[in-house]
Amino acid sequence: MSEIRVDAIKTRAGNAPTASDLGINVLQIQAVNYKGELTTSSTSHTAISELAVTLTPSSTSSKVLLMFQAYTYVTTYTRYMVMSVTRNVGGAGASDISGTSLQTDNNADGLFRIYDADSHVSFRNSGFNFTDSPNTTSSTVYTPTFRRGSQSATCYIGHSNMVSTFTAIEIAG
């Protein structure tokens, strides 16, 4: 087996390397942490304004990595919860960025779907990642959305004493 051991990594100038020196080009990070419980009983995607993040891309070639993490559940077993994300550039109106046809029934859409097939409700930590190419340098608002399937149920994100997180990271394109 081969090993490489070093005491330090330095640039040619003898300095400690920066993230950019190592090929990591994170330009900015915007994040929202929300402590509390959010609900919907709608079959249409409902904006989660408490987790909306605003980011102004530095270049039209930038990519934006979106990351969502939260405690989730549906009040009734054998029911669905679906999530997606909207993008609103310069206040022109929000549109879904998942690239899927949004539904109002049990069909899959968006970026994330949970279903409890057993005879009990499952409480879980859930998340998704999505990379967007907004092609703009205007202020952009990303907002997660969620809905239930066609059967009656209430969908929950978060809990009174837990934190839900939505993060947008601009990466040089």
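Two strands pair if DSSP finds at least two bridges between them. Helices (H or I, at least four residues) and strands (E, at least two) are DSSP runs, numbered from the N terminus. The model is predicted: local features need pLDDT of at least 70, side-chain atom pairs count only at pLDDT 80 or more, and totals for chains, interfaces and linings use all residues. Residues are numbered from 1 along each chain as its sequence is written, and side-chain values use heavy atoms, with hydrogens and water left out.

**Exercise 1. Describe the strand partners of β5.**

Solution. 
- Step 1: β5 and β7 run antiparallel and are joined by four bridges; Y80 has Y115 as its bridge partner in β7.
- Step 2: With β9 (residues 140-148), β5 pairs over nine bridges, again in the antiparallel sense. Here M83 stands opposite F146.
- Step 3: Two bridges pair β5 with β6 in the antiparallel sense, and R87 faces S95 of β6. Five residues lie between the strands of this hairpin, in which G90 takes a positive phi near 60°.
- Step 4: Buried means under 20% relative accessible area, exposed over 50%, and partly exposed in between (1.4 Å probe, protein chains only). Nine of the 10 residues of β5 (residues 80-89) are buried, so the strand is largely enclosed by the rest of the structure.

**Exercise 2. Locate the salt bridges and state the burial of their residues.**

Solution. 
- Step 1: A salt bridge is a side-chain nitrogen of Lys or Arg within 4 Å of a carboxyl oxygen of Asp or Glu. The whole structure contains three.
- Step 2: R5 and E3 form one, with the closest N and O atoms 2.6 Å apart; both residues are exposed.
- Step 3: R87 and D132 form another, at 2.7 Å from N to O. Since R87 belongs to β5 and D132 to strand β8 (residues 124-132), the pair ties together parts that are 45 residues apart in sequence. Both R87 and D132 are buried.
- Step 4: R147 pairs with D109, the closest N and O atoms being 3.3 Å apart. R147 lies in β9 and D109 in the loop between β6 and β7, so this pair ties together parts that are 38 residues apart in sequence. R147 and D109 are buried.
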